[in-house]
Amino acid sequence: MRRDGKHMASAAEQMAANLSWGALGKATELRQRIWFTIGLLIIYRLGTYIPVPGIDGSALRNFMEQAQSGIGGILSMFTGGALGRMGVFALGIMPYISASIIVQLLASMVPSLEQLKKEGEQGRKKINQYTRYGTVLLALFQAFGLAKSLEAGGLAHEPGIFFQASVVITLVGGTMFLMWLGEQITARGIGNGISLIIFVGIVAEIPAALARFFEQGRTGAISTPVILGVIVMVVAVVAFVVFMERALRKIRIQYPRRQVGMKVYDGQSSHLPIKVNPAGVIPAIFASSLLLLPVTISTFSGNQTGPVMSTILAYFGPGQPLYLIFFAAMIVFFTYFYTQNVSFKSDDVADNLKNQGGFIPGIRPGKRTEEYLDYVVNRVLVLGSAYLAGVGLLPEIIRAQWSVPFYFGGTSVLIVVSVTMDTINQIQSHLLAHQYEGLIEKSQLRGKRKPGTAKPRRTPSRR
C-alpha cells in the first residue's frame, strides 16, 4: 500500500517536472482558448484608435501633450491610451469596476442583496445583472461629464446637444462592449478578462512612456542618477511584488482516522494556505478608479472648473498629502473588505472543513474555527494591506518629490505582475490537466487486451 502511494506521488511529481511549454502544442483546447483571448484583446486595442465623432483632433493632440506629463499620463495608462486619443473606449473598464465596488458594498449592508449572495449561481447572476445596470448609469454620468468638459476645453468642432449625445452614446456603448469582451475572455478564454484588458492597456503604453522618459534624460531635463534610480526602483518593486504575491501563511489541518471495511486509515494532515494578500490587485484598482473620477473631469475642463471642483483638486490633487492619505486608506479598506466578502470568507471555509471532517489542532470545529481564521486573516492582512498601500504610494511620492513624469510604478506594476502570474498559473493548470488526461488514456489503452492473447484471469482489484 505504502509502495503504491510512493509510486503515485513520484508519478505526480514527475508529471509536474515534465510540464513544459512544448506540451502546449498538444493541448488543442488550451491553444484555442489562448488564441481566442489574443483575438479579443486585439479587437480592444483597435477600438482605442477609433475616435469619438465631433472632436477637434489637432486641438486634442496639443492638449494631451501638455497634460501627458501630469495626470493625463495616468488616465491614459488606465484606458490603454484611448482617453488620450478620445477613442470609443475612452472610459475604459472603470465604470464597471466602480459599479462592482458599489454593488459589493451594498451586498454586505443590504439584507436582501446579502440573501442573493447565498443563493449560489442564481443569486450570482442576479448580482451581475445589477452590476451591469450600475455600469450603464455610471458610464452615462461619466460620459456626460466628459462631453461637457470637452466643450469647456474647446475641443469640440460644434458644441451643442448633438455633440453631447454622440459622445455619451459612443462612450457608453464602448464601455458596455468592453464589459462583454471581459466576460467572454473569462468564460471562454484564459485568465480574468477585466484584469487582462487593464493589463494590455498598461503594457501597450509602456514603450511610448519609456521613450519619453529617456528622451527627457537625453535633453537634460532629468539627470542620469535619477533615471538610474527609477530603473532600479522599478526592478526592486517588481521583485518585491512577486515575493509578496507568493507569500503564504499555512494553517495545519488534521483529518481524523477513518475505517473502510476492515482497514483503518490513519488520520491525515494537510495545510490551509492563506495568502499575505488574498485580495490580489483588486483594492489598488478600486482605490485608483475612485480617485480618478474628479481628476478626469477637471483635466478636460481646463480652467473652467467651479469653486467646489477647484477646492477638491487643491486638496485631492495627485501628490497632495490628503490625496496620499485617502489613497492609502482606500487601499487598506478595500483589502479587508474584499478579502472578507469575496476572496477568503472564513465562515464558508470553516463550514467546508467541518463537512469534510477536518479540524485545526486545538480549535473546535464550527464557530470557534471561524473566529480563529478571522483572527489569523486579520493579522496577516495588516502586512498585506501595508504592502499594497506602500507599493501604490511609492511612485506618487517620487513623482511629487523629484518631478519625474514617469507613471509606470505602483498600481501598474501590481497589475502587470499579478495578472501575469495569475494567467501563467491558469495555463499551467490547464497543461497539467491535459497531461493527466493523457496519462489516464494511456493507462486505459495499456489495460486493454492485445489481440491473440489469452483472456486474463479476473483478480479482485486492490484498494
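Five salt bridges turn up when the whole structure, a predicted model, is searched. The idea behind them is simple enough: side chains of opposite charge can pair when their charged atoms come close. Three of these pairs are described here.

Take K275 and E245, whose side chains form a salt bridge with the closest N and O atoms 4.0 Å apart. This pair ties together distant parts of the chain, 30 residues apart. K275 sits in strand β4 (residues 269–275), while E245 belongs to helix α10 (residues 224–246).

Next comes helix α15, which runs over residues 367–402. Here E370 pairs up with K367, and the closest N and O atoms are 3.9 Å apart. Where do E370 and K367 lie relative to one another in the helix? They are three residues apart, so about one helical turn separates them. As for burial, E370 counts as buried because its relative accessible area of 18% falls under the 20% cut-off. K367, on the other hand, is exposed, with a value of 55%.

Helix α15 also holds R368 and E371, again three residues apart, or about one turn of the helix. Their side chains meet in a salt bridge with an N to O distance of 3.9 Å. R368 has a relative accessibility of 51%, which makes this residue exposed because the cut-off is over 50%. E371 comes out as partly exposed, with a relative accessible area of 42%.

Conventions: Residues numbered from 1 in each chain as written. Predicted model: local features only at pLDDT ≥ 70, side-chain atom pairs only at ≥ 80, totals over all residues. Heavy atoms only, no water. Helix = DSSP H or I, 4+ residues; strand = E, 2+ residues; numbered from the N terminus. Buried < 20%, exposed > 50% of the residue type's maximum accessible area, 1.4 Å probe, protein only.
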